[in-house]
Amino acid sequence: MSNVKLHVNGAIREVDVDPSTPLLYVLRNDLDLHGPRFGCGVGQCSVCTVIIDGAAVRSCVMPVSAVRGEITTLEGLAKNGKLHPLQQAWIEEQAAQCGYCQNGQIMTAKALLDKNPNPSDAEIRAAMDGALCRCMTYYRVQAAIKRAVRGTKVAGEAR
Amino acid sequence: MSNNLQLPKAVEDAVLGLDQASRRSFLKASGALVITLSVGILPGANALAAEPSAATGPYPDPDFLKLDTWIVIHPDNTATFFVGKTDGGQGTGTAYRQMMCDELDIAYDKTKLIMGCTDITPDQGGSGGSDGVERDGQTMRRVAAEARRVLLELGSQHLGAPVEMLAVANATIALKSDPAKKVTYAELIGGKRFNVALTGRNVDAATGTAAVKPVGELRVVGQSLKRYDIPTKVDGSLKWAVDMKLPRMVHARNVRPPFAGATLQRIDESSVADVPGFIRVVNRGNYVAVICEREEQAIRAARQLKVEWKRPAAAPFPASSELFAYMRRATPTSTSEPQIQGDPATALAGAKRVVEAEYEVPFQGHTAIGPAHALADPADGQMTIYSNDMKAYGLRDGVAKFLDMPREKVRVVYMDGPQVYGRTAADDAGFEAAFLAKELGRPVRVQWMRDEETAWDTKGPPYVYKLRGGLDDQGKVVALEYDACAVDHAHVGYNEPDTVLIAQLMGRRPARPASGAAATPSVMYAIANRRTTTRVVGLPMTWETPLRTGNLRDPNGPQVTFAFESFIDELAAAAKADPVQFRLDMLEQAKEDGVFRKSRSLAAVRAAAKTYGWDTRPSPRPRGDALRDKVLSGRGIAYTYRSNTIAAVIADVEVNRETGHVWTKRLVCAHDCGLAINPEGLRHTVECGMLHALSRALWEEVQFDNEKVTSVDWASHPTLRHSDTPETIDVVLVNGDPNPNRPDLPHYGAGETSHKPVIAAVANAIYDATGVRLRRPPFRSERVLAALKATIT
C-alpha cells in the first residue's frame, strides 16, 4: 500500500492503496464515485470511462499510480448545479434504457465534443464505436449527441 | 442504523431515494402511525401507537389485501406507491406511476414509486413475460381507484356533501357548486392509514369496490412524460445494486471450473497467501470463491488461486461447429404430440409446387453489459440481499430454501442494474452472496468477471428447423409442415435453489430436469392444412455446464420467427408474389379472435408497408445493372405477435458484395399493444428491442469447443455497435382494434414483441438485395461473403 494523490473533479484526494490497483476500484470504493462502473475489466466496453486531461480513459485498466493529470468523472460534469449540455440532451432524448453503460456513452461523447465541437454523423459513429450498450440505446445516444452539438452551437452563436 | 426509523439506513438509501421530508413522512405512515380497522369505523379515524421496529426483521409478506400496502398519502399531500414489480430499463416504473396517478387523481410529480422490495412492496412476482403493464397495471389501477373512492367518502363527510356533488383534481376534493369549499387528501388522511381491506383470491385479482376510469377520462396515461430515473442515471447520483456498500463488507470472486463437468481435486491456498487482504477460500463441492477485504484483491486472488480439476470421462458437449449435426441425430428428451389441421400430407402431394428449407439458430447469450452482482448482509440472524433481480420475490424464496432459513428472515432489496431480459430471473450472484455472507458472518459483495458472465450466463436455446410448404397453381399456400428441435433440456427456472449455478456446482440436483420446450410460430395466417411437430434434445452433460438454457427476451420468439417468417418469404418468392401482399392475403383469410388479432395484424403489416414506402414487387429485387454495384440494397418484412401485442418490422439493408458486410440502414416497426401508457417510452423500448435483435441477427453466437465456451469477451463475442446503428428508425404506434376509442381499451405488454421479427426481416432483406438466402444467423461478414460467392457468379 502507498499514498496516491489524485486530482478528481476539481479536488485533491489522497488514498492509501496498492499502486497497481486499477483506477476504477479507487474511484468507486475509496472515493464513492459510482459513475464509472465495471463492465469488462479489459478495456473493451467503455462502461468505466473517465476523462483524464481531455482524453477518454478506460479506468478498469489504468493503474492508479500511472494517472497523471486531472480526472473528471460523470459526477464532475455538472457545473454550479447545472447539468452539462450532454447530460441535458440525454434527458431530452430519454437516451437510456437500463442506464448501466451510459457513463461510458456520455464520457466518450464528452471527450469527442471537447476535441471536435461539431462532429459529422460519421465522426460521431466512429468516435462512439467502442462505447458498448447491451440495451442498444445507440440510436438515441447518437440523437442526444447531435442535440447537444446543436445546443452548443446555438449557445456559441448567442455569445 | 438509526433506532427510531423502521428501515436500516442502507435499505432506506437503497429503496427510497426520497428527500428527507417525504422520507420521514413515509416512515411515519408505514408504521409509526397505525390506525385500527373494524367494520363501520371510518378509515383514517383514530391514530394509535407505533408498531415495533422492523429494522432487524423478521420480514413478513406485505398483505396485498390491504390498501395501505399499495398507497401512502403523506402530510404534504404527496403520495408514494408500492408495487411488486421491477424496471429493466423500459420505463415501466414511470408507466405504473402514470396509471396510478390517473386513478388516484394526483399530479404525477407529487408521487413516488417503490418497486420490488420484498418486505415493503406486495408480491406481484417482479418482472417477466412483458406482463407488467398488461396485467399488474390493471391491479395498480384498481387499488388506486379504490383509494380515490375512499378519499371521496372521507371528503363527503368532511365537506358535508354527497359524493355526487364533489369534484376531485390534484389530490384535492371540492364542492362542484362551490370550489372554494375543499379539502386535500393530506388533510383527510395524510400520514395515516386507510385501513381498508381489498378482496381477491390472489394479488392479480386484488380489488376494492371502485371501478377504474374509462379510457376517455385518463389524463396522465397517454402522455409522454419523461422517465423519473433518467436524470439520476446521467448525473451519477443514483445508487445502483452494484454501488451498495456496508460496514465490514468484504469482496468475493468466484473461481469457475476451467471446463464443464470438472471435479475439484485440490485447492492450494498457499498460492494466494501473498495477496494482501486475503481472508479465505470458500469451497463446497465444485463451487469455489475467494474472499478479500478489497475488490481488486479478490480479483487478483481468484486469478492466482491454484486449483486442480479433473476432466469428466466423456466430452460434455459437441463443439459449436458440430452442434447442429448433433441436434439432428440426438435422441429427443421430449417430443410433443404432432398438431395437425386438415390433411397436410394429401395437400402437399397435390400441390403445384413444394418448397423445403432448413434453418439453424445457435446458442445466443444474455452477455449483460454489467456482469452478475449482489451484496448480502447476514446481520441480526437475517439475510438481506441487495440485488437487481427482476424477480426479487423469487430470489427471496429461493435463497430461503437454499440456506434453509425461514422465508421471514430473508428479504431482497431491489435496486437498478444492468439489463435483465430473463438473466436475473436465475440470479446466480444473489445466491452466491447470501451463501458466502452466511459462511463469513459478514456482508459479502459478489461480482462476476466478464469472461465468467459471457461464458456461464444463461442462454437462449439453439434450434434446427425443417419447413415444407405447398403452393397451388394460384401461388396460394395450401399446406405447411413445421418441425422444430431445440436444445432446451434442463432449462433453468426462476431462482430455483437446485438449478442456480452455485447449487449445481455444489452437487444439488432437482428431482427431474425441466423438460424445456421447442416453440411454435405466433402468426395469424390462414393455412388450411398444417402439421406442427417439436422436440427437445439435451447435451451429453446436463449439469455444471456453461451451456445452460434460460429465458432470454422472448425465450424462443426470435429463433422461431426467424425460421418461420424466412420460410414464408421463400414461399412468396417461389410464388413470385410480393412479400407484403402474400402475408396480407393469408391474414385476410384468417378468423378473427377475441382480442382482434386478425384485424390488428392486418393493420400493423399495412402500416409498416405504408410508413416504409413499400413498392409492390416480388423478391429478389431485379438486379440488372446493379449486379456490378459494390453495394446491393434490399428490403424485407417479418411479422408476428407476442401474447396480445402485434409487431410488423421492415428492414432496409445494404450488402457489400466485396466484404460481405451487412448494414441495416433503416428499420420500421408498426406496433400495436393497445392503449399506450407513455408513447415516447414505448417507442424507445420498441427501438431498442429491434436493435437488440439486430445484434442477434448480425453478431451474436456462443462459440465453444467440446468442453468450454470460447467466446468470452467483446472481441471473441462481438455485439452490435454504434457503427451498426441504422440511419433511421421509424416506430409507428397503430391500434388495429376495430374500435380503438372503446372505453375499456386494454394496455398490453411491449417489452419483447418488437424483438421477435427482426432477424427474419434482415434475412429477407438480404435475400431481396442479393438473391441469396441466409438460413443461419448471425449474418457476419464472412458468412455472408461465403454465401454470396457460392451463389452469385
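# Reading a predicted two-chain model

Residues 24 or more positions apart supply 55% of the contacts in chain A that have a separation of 6 or more.

Me: Where should I start with chain A: how many helices and strands does it have?

Reply: Begin by counting elements, then read their order. Chain A holds 5 helices and 5 strands. Read from the N terminus, they come as β-β-α-β-β-β-α-α-α-α. The radius of gyration of chain A is 16 Å, close to the 15 Å from the globule rule for 159 residues, so chain A is as compact as a globular protein of that length.

Me: What box do the C-alpha atoms of chain A fill?

Reply: Along the principal axes, that box is roughly 50 × 35 × 25 Å.

Me: And what share of the residues in chain A is buried?

Reply: Burial is judged by relative accessible area, with under 20% counting as buried. In chain A, 57% of the 159 residues are buried. The accessible surface of this chain comes to about 6,100 Å², and carbon and sulfur atoms hold 50% of that surface.

Me: How far apart are the mean positions of the positive and negative charges of chain A?

Reply: Here you compare two averaged points. Chain A has 18 positive and 15 negative charges, and their mean positions are 6 Å apart.

Me: Let me turn to backbone angles. Which residue of chain A has a positive phi although it is not a glycine?

Reply: Look at Met136(A), with a phi of about 65°. Met136(A) sits in the loop between helix H4 (121-128) and helix H5 (138-158) of chain A.

Me: Is Met136(A) buried or exposed?

Reply: Its relative accessible area is 0%, so Met136(A) is buried.

Me: What is the phi of Phe596(B)?

Reply: Phe596(B), another residue other than glycine, has a positive phi near 60°. You will find Phe596(B) in the loop between helix H16 (579-588) and H17 of chain B. The relative accessible area of Phe596(B) is 25%, which makes this residue partly exposed.

Me: How do I read a helix, say H15 of chain B, and what length does it reach?

Reply: Set the distance between its end C-alpha atoms beside the expected span. Helix H15 (residues 557-574) of chain B has 18 residues and reaches 25 Å from its first C-alpha to its last, close to the 26 Å expected at 1.5 Å a residue.

Me: Why is H15(B) described as largely enclosed?

Reply: Count its buried residues: 18 of the 18 in H15(B) are buried, so the rest of the structure largely encloses this helix. After H15(B) comes Lys576(B), with a positive phi near 50°.

Me: Which peptide bonds in chain B are cis?

Reply: Omega is the angle to check. Among them is the bond from Gly57(B) to Pro58(B), with omega near 0°. Pro58(B) lies in the loop between strand S2 (47-48) and helix H3 (67-70) of chain B. The bond from Ser619(B) to Pro620(B) is also cis, again with omega near 0°. As for Pro620(B), look in the loop between helix H17 (597-612) and strand S26 (631-642) of chain B.

Me: How far apart are Ser321(B) and Gln703(B) in sequence and in space?

Reply: Read the two distances side by side. Ser321(B) and Gln703(B) are separated by 382 residues in sequence, while their C-alpha atoms are 8.0 Å apart in space. Ser321(B) belongs to the loop between strand S13 (306-310) and helix H9 (323-329) of chain B.

Me: Is Ser321(B) buried or exposed?

Reply: With a relative accessible area of 63%, Ser321(B) is exposed, since the cut-off for exposed is over 50%.

Notes: Residues numbered from 1 in each chain as written. Chains lettered and ligands numbered in written order. Predicted model: local features only at pLDDT ≥ 70, side-chain atom pairs only at ≥ 80, totals over all residues. Heavy atoms only, no water. Helix = DSSP H or I, 4+ residues; strand = E, 2+ residues; numbered from the N terminus. Rg over C-alpha atoms; globule rule 2.2 N^0.38 Å. Buried < 20%, exposed > 50% of the residue type's maximum accessible area, 1.4 Å probe, protein only. Contact = heavy atoms within 4.5 Å. Areas by Shrake-Rupley, 256 points an atom, 1.4 Å probe, with all protein chains shown as cover. Lys, Arg positive; Asp, Glu negative; His and termini not counted. Charge placed at Lys NZ, Arg CZ, Asp CG, Glu CD. Expected span 1.5 Å × (residues − 1).
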